[in-house]
Amino acid sequence: GSFTIIAGPCAVEEEQRTLRIASEVCSAGADLFRAGAFKPRTSPYAFQGLGEVALQILQKTRQETGLGIVTEILDPRDVEKVATVADMFQVGSRNMHNYSLLKELGQTSVPVLLKRGFASTIDEFLMAAEYILSCGNSNVVLCERGIRCAAATRQVVLDLGSVPELQKRTHLPVLVDPSHGTADSFRVPALARAAAAVGADG
């Protein structure tokens, strides 16, 4: 009966900027603050996140705003460390098939926001969720974030049709990321409204 909003920057880049964005997100009515401490990038030379420094910033952000923290987890070895800060783990599109990570997250009770792989079918998406569920963690939230399609604008298309299908086939909440699935910021408000209209949980 509620619609959840998770908002924030792609990555934690520095403390004051993060705190300012978190304050604005909180004022705008968001439920959770999302920012990456560890970032998987296509290029090994691109910014990979601030790591443990970012975790400290996120801890301060939670203390100052009261917002729950959603942050990405990349490595099974970091689960315990990230869990000290994260109220929800995010598994990004690139790691949906990282089964060692999924099984490790299944050993925790921390909620997991599982993003659909950018070239994954619905069946593959649901099986990724099963890796977490079958290891004992029932707190899984699915997230449609757009899939690659050569004919689409900027080669990314937000598959809103996946929302009712996922809701028909599973009991898990389904969120939509209208940012990655749009490629341009001007489309985000319209596709966020579309996500609500199609029945997404957030």
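Let me begin with a term: a residue is called buried if its relative accessible area is under 20%, exposed if that area is over 50%, and partly exposed in between, using a 1.4 Å probe and protein chains only. A second convention concerns the elements: helices (H or I, at least four residues) and strands (E, at least two) are DSSP runs, numbered from the N terminus.

The model before you is predicted, so local features need pLDDT of at least 70 and side-chain atom pairs count only at pLDDT 80 or more, while totals for chains, interfaces and linings use all residues. Residues are numbered from 1 along each chain as its sequence is written, and side-chain values use heavy atoms, with hydrogens and water left out.

I turn to the sheet. Two strands are said to pair if DSSP finds at least two bridges between them. Seven strands form an open sheet with parallel pairing, in the order β1-β2-β3-β4-β5-β6-β9. Its edge strands are β1 (6-7) and β9, each of which pairs on one side only.

Let us look at strand β6, residues 140-144. How many of its five residues are buried? Five of the five are, and the strand is therefore described as mostly covered. On one side we find V140, L142 and E144, and on the other V141 and C143; both faces of β6 are covered.

Four bridges connect it in parallel to β5, and L114 has L142 in β6 as its bridge partner. The chain passes from β5 through α5 to β6, and this β-α-β crossover is right-handed; that is, with the strands pointing away from the viewer, the path from the first strand over the helix to the second runs clockwise. With β9, strand β6 pairs in the parallel sense over three bridges, and C143 stands opposite L175 there.

Next comes strand β4. Both of its faces are covered as well: M88 and Q90 are buried on one side, F89 and V91 on the other. Strand β3, residues 68-72, runs parallel to β4 and is joined to it by three bridges, with V70 standing opposite M88. Three bridges also pair β4 with β5, again in the parallel sense, and the bridge partner of F89 in β5 is V112. Here the chain crosses from β4 through α4 to β5, in a β-α-β crossover that is right-handed.

That brings us to helix α4, residues 99-106, in which L101, L102, L105 and G106 are buried. Why are these residues said to line one face of the helix? Seen down the axis of α4, they fall within an arc of 140 degrees, so they line one face; the arc is that of the directions from the helix axis to the C-beta atoms. What covers them includes α3 (79-83), β4 (88-91), β5 (112-115) and α5 (122-134), where contact means heavy atoms within 4.5 Å.

Helix α4 also takes part in the one aromatic pair of the structure. Rings of Phe, Tyr and Trp (its six-membered ring) pair if their centres lie within 6.5 Å; planes under 30 degrees apart count as stacked, over 60 as edge-to-face and the rest as tilted. The ring centres of Y99 and Y131 are 4.3 Å apart and their planes are at 20 degrees, so this pair is stacked. It links distant parts of the chain, since Y99 is in helix α4 and Y131 in helix α5, 32 residues apart. Y99 is partly exposed at a relative accessible area of 33%, and Y131 is partly exposed at 30%.

Two further residues deserve a word. T18, in helix α1 (residues 15-27), is buried, with a relative accessible area of 2%. Leaving aside neighbours within four places in sequence, T18 is in contact with V12, E13, F33, I57 and T61. P178 lies in the loop between β9 (174-176) and α7 (188-197). Is P178 buried or exposed? At 17% relative accessibility, P178 counts as buried. Not counting residues up to four places away in sequence, P178 touches L158, V188, L191 and A192.
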